[in-house]
Amino acid sequence: MIVNFKPFVHVERLSSNKIASHDYLNGENIYIFPKMDGTSGLIWSSDGKIHCGSRNRELSYDKDNANFYKYIIESDDNEIQKIKQFCVENEGLIVYGEFLGHTSTTTKFVGSIKTYVNGGFFVFAVFDTINKKYLSYDVYSKMLDGVYSKVLKPIAILHQPTESCVEGYVDECTYNLPNGTIGEGIVIYNYDYRDPWGNVQIAKIVRDEWHHDKTKKKTVYTGTDSLEKEFVEKYCTDAFVEKEVNKVLIALDMDKIDCKNGKFFGMAINKVLDELMEENFWDFFKNKKAASVKLAAIKGLAQARVREYILNN
């Protein structure tokens with residue numbers, strides 16, 4: 001059976017225009033998971049051969065990502081052997097997870113990821129390529145019981161919760177973190193939900209942004225670029241910049257931030273700006289009904305934020 005690479009669905013903010021929160025949360029079982037801050041990894045089998053992927057592509061020895069491919073293929077860990085066998089025996093299923101490094105063949109990642117207690121590969125979803133759907137946690141957790149122990153467990157399973165009820169779990173994303181440390185946010189699954197176009201959607205609340213909205217006083221700007229400033233302030237937070245900087249450090253195989261490394265500096269600025277625009281631009285300015293947007297202002301403000309973060313860390 002030929003099974004091709006399939007990236008995990010893009011996780012949208014619960015407030016996104018692509019998700020009607022009142023419909024999304026109107027489910028018999030709404031699963032709240034902690035959002036982990038590693039690098040995406042996936043495993044599957046095609047014609048008996050194990051394949052691995054990152055967020056956007058299939059991996060190989062020559063084109064690896066944070067040594068995830070090497071780890072899965074070469075690890076002598078008994079559970080890694082078992083999950084590979086699981087994929088061979090269940091061809092057509094793709095196993096998705098977050099890879100935190102810190103294994104016998106990989107180092108611990110830099111930045112906030114260092115705070116995780118245990119490294120390795122943590123499963124958070126399984127996709128059925130034959131029936132074209134994500135299996136519910138109740139289904140895949142039973143399938144992996146006795147096979148693989150690093151399966152992310154839900155913080156809560158709720159019945160038709162309100163948005164405020166879901167938001168109450170934002171500060172409970174403490175899994176695999178030291179006491180007193182809170183993670184990136186929560187991911188919200190309604191496995192039965194489809195948007196008006198029939199697409200699967202998965203929602204999230206990013207903790208740093210959520211607290212920003214709840215606690216920050218509304219800023220009044222007098223300049224003509226007020227919306228651009230509001231946009232960058234809202235989304236280009238320290239946590240957001242840190243996550244994208246971590247990705248660049250992994251890509252360049254660097255152990256720590258080097259302010260004098262021009263390549264690193266340039267890649268970090270571009271990565272933050274690209275992700276900022278892809279993730280947040282459309283929803284924000286559509287909701288604001290902006291007649292025009294100064295892209296140069298956004299670029300300049302974002303670059304300043306990245307420089308500030310790098311120089312302070």
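**Close-up 1. Buried residues of helix α10 in this predicted model.** Let us start with α10, where the buried residues are Ala-297, Ile-298, Ala-302, Arg-305, Val-306, Tyr-309 and Ile-310. What covers them? The cover includes α7, α8 (238-251) and α9 (262-287). An α-helix has 3.6 residues a turn, so residues three or four places apart point the same way. Helix α10 itself covers residues 295-312.

**Close-up 2. Helix α7 packed against helix α10.** Two packed helices are described by the angle between their axes and the distance between the axes. Here α7 (residues 226-235) meets α10 at an angle of about 35°, and the axes lie 9 Å apart. The crossing is right-handed. On the α7 side, look for Glu-228, Lys-229, Phe-231 and Val-232. Their counterparts on α10 are Ala-297, Ile-298, Leu-301, Ala-302 and Arg-305. Sorted by class, this contact holds six nonpolar and three charged residues, with no polar ones.

**Close-up 3. Strand β6 and its partners, β5 and β7.** Is β6 (residues 121-128) enclosed or open? Eight of its eight residues are buried, so the strand is largely enclosed by the rest of the structure. Strand β5 (residues 93-99) pairs with β6 in the antiparallel sense over seven bridges. A handy landmark in this pairing is Tyr-96, which stands opposite Ala-125 in β6. Strand β7 (residues 133-134) also runs antiparallel to β6, joined to it by two bridges. There, Asp-128 stands opposite Lys-133 in β7.

**Close-up 4. The hairpin turn between β6 and β7.** Moving to the turn, you will find four residues between the two strands of this hairpin. One of the residues in the turn, Lys-132, has a positive phi of about 55°.

**Close-up 5. An open sheet of five strands.** Follow the strands across the sheet in the order β1-β10-β9-β2-β8; their pairing is mixed. Which strands sit at the edges? They are β1 (11-13) and β8 (156-158), each of which pairs on one side only. On average, neighbouring strands of this sheet are turned by 30° against each other, direction ignored.

Definitions and conventions:
Residues numbered from 1 in each chain as written. Predicted model: local features only at pLDDT ≥ 70, side-chain atom pairs only at ≥ 80, totals over all residues. Heavy atoms only, no water. Pairing = 2+ DSSP bridges. Axes fitted to C-alpha atoms, helices over the stretch in contact; angles between N-to-C directions. Left-handed = near helix turned anticlockwise from the far one by under 90°. Contact = heavy atoms within 4.5 Å. Nonpolar A, V, L, I, M, F, W, Y, C, P; charged D, E, K, R; others polar. Buried < 20%, exposed > 50% of the residue type's maximum accessible area, 1.4 Å probe, protein only.
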